[in-house]
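Dear colleague,

I am passing on the structure below, together with some notes on what came out of it. Please read the notes alongside the coordinates.

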Amino acid sequence: MSYIIRIERFDNTKVDFINYPLPILLEEWLSIVESDPELQPDYGIGDNPEVPTGAIWIADPEHNVDGYQRFFWYSNIQKNINTKNVESEEVITKMREIANKLNAHVIGEEGEEDWDFVDI
């Protein structure tokens, strides 16, 4: 079973943010991927193969160990950014870095917000 964490944005009241987060636009995600030298665009998912809705984190300490690649993806339905199988504090740190650029938060599957690695 894999554990998914996501980057979501919500207003300061945080009222119903789990059910009604404020959208992160695809253009914002594409700007992050384009400007971050640690992220490599990936065209393998999404409706339009010409738009890189995914990104591989090439600076991940586990990158290419036994062929593994850390993958982040943009959800066109939920308007957020996701990753799964969080196995290190470095992943949480990278997610927080991206979230800060988007004025957003790192949220766990069960709604835990901006938690420490020891919480998973």
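Among the elements of the protein chain, which has the lowest mean pLDDT and which the highest? Strand 6 (residues 105-108) has the lowest, at 87, and helix 1 the highest, at 95, where pLDDT is the predictor's confidence in each residue, from 0 to 100, and where helices (H or I, at least four residues) and strands (E, at least two) are DSSP runs numbered from the N terminus.

This is a predicted model, in which local features need a pLDDT of at least 70 and side-chain atom pairs count only at pLDDT 80 or more, while totals for chains, interfaces and linings use all residues. Residues are numbered from 1 along each chain as its sequence is written, and side-chain values use heavy atoms, with hydrogens and water left out.

The protein chain averages a pLDDT of 82, and 83% of the residues score at least 70. Over residues 116-120, however, pLDDT stays under 50, and for these residues the model has 9 contacts (heavy atoms within 4.5 Å) beyond four places in sequence. Where pLDDT is low, the predicted coordinates should not be read in detail.

Helix 1 (residues 26-35) has as its buried residues Leu26, Trp29, Ile32 and Val33, buried meaning under 20% relative accessible area, exposed over 50% and partly exposed in between (1.4 Å probe, protein chains only). Seen down the helix axis, these buried residues fall within an arc of 120° (taken from the directions from the axis to the C-beta atoms), so they line one face of helix 1. They pack against strand 2 (39-42), strand 3 (54-57), strand 4 (70-75), strand 5 (80-84) and helix 2 (89-101), whereas the face turned away from the buried side carries the exposed residues Glu27, Glu34 and Ser35.

Strand 5 has 4 of its 5 residues buried, so it is largely enclosed by the rest of the structure. Two strands pair if DSSP finds at least two bridges between them; strand 5 runs antiparallel to strand 1, to which 4 bridges join it, and antiparallel to strand 4, to which 3 bridges join it. In strand 5, threonine 83 is the bridge partner of isoleucine 5, and isoleucine 81 that of tyrosine 74. The hairpin of strand 4 and strand 5 has 4 residues between the strands, and in this hairpin lysine 79 takes a positive phi near 55°.

Finally, glutamate 8 lies in strand 1 (residues 4-8) and is buried, with a relative accessible area of 5%. Its side chain makes a polar contact with the side chain of asparagine 80 (3.0 Å), a polar contact being a pair of N or O atoms within 3.5 Å, of which, within protein, one must be able to donate a hydrogen and the other to accept it, and residues adjacent in sequence count only if both atoms are side-chain atoms.

With best wishes
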